[in-house]
Amino acid sequence: MSGTGPGMGARPARHDTGGTGPPGGTGPPGGADVAAITDDLRAFLASATGRDELLHIPPGTALFGQAVGLDSLTGTLLLREIQRRFGVDVAGEDLNLDSLATLGTLAAFVAQRARPGGGP
C-alpha cells in the first residue's frame with residue numbers, strides 16, 4: 001500500500017467489494033460494503049491514535065465521545081483518508097457533519113457514496 005505518514009499503518013483494503021458482502025452489510029448497488037468500511041475506519045482510528053482497542057469498537061460508538069475521543073487533527077486526518085481511499089468528501093457532502101456522530105453513521109455515509117474502486 002502506498003502512502004505513509006501519521007496514521008497510515010497497514011490495514012486490509014476490503015472496501016472494494018462492489019456492493020457485495022454479508023446480508024445487511026451492503027450499501028446500494030455500486031456502493032461499498034458497510035462492514036468492510038467499518039473495519040477500515042476502525043483500523044485507521046487505531047493507527048492514527050495509537051490505540052489498538054479501537055479495532056474492536058462497536059458501530060454505535062460516538063467518534064467524538066469518550067470512547068474514541070477524536071480531536072480536530074485526527075478528525076481532519078480521518079476525513080482526508082476517507083476522501084483518498086473511497087473518493088467521498090464527507091465535509092463537502094454533509095455540511096452539518098451528522099455522519100460523524102458514530103462509527104456506524106460514518107461507515108454508512110461512506111458506503112452510500114463510495115465510488116467503485118475507491119478514490120477520485
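Select helix H1 (residues 34–49) and helix H2 (residues 72–86): the crossing of H1 and H2 is right-handed, the near helix being turned clockwise from the far one by less than a right angle. The model is predicted, with pLDDT of at least 70 required for local features and 80 or more for side-chain atom pairs, while totals for chains, interfaces and linings use all residues. Residues are numbered from 1 along each chain as its sequence is written, and side-chain values use heavy atoms, without hydrogens and water.

H1 and H2 pack at an angle of about 140°, and their axes lie 11 Å apart. Axes are lines fitted to C-alpha atoms over the stretch in contact, and angles run from 0 to 180 degrees between N-to-C directions.

Now select helix H4 (residues 103–113), which packs against H1 at about 125°, with axes 9 Å apart. H1 and H4 are therefore oblique to each other, and their crossing is right-handed. The residues in contact include Val-34, Ile-37 and Leu-45 of H1 and Leu-103, Leu-106 and Val-110 of H4.

Finally, select Arg-113 and Phe-109. Arg-113 lies over the face of Phe-109, at 3.8 Å from the ring centre; for Arg, this requires CZ within 6 Å of the ring centre and within 35 degrees of the ring normal.

Conventions:
Helices (H or I, at least four residues) and strands (E, at least two) are DSSP runs, numbered from the N terminus. Angles under 35 degrees count as roughly parallel, over 145 as roughly antiparallel, 65 to 115 as roughly perpendicular and the rest as oblique. Contact means heavy atoms within 4.5 Å.
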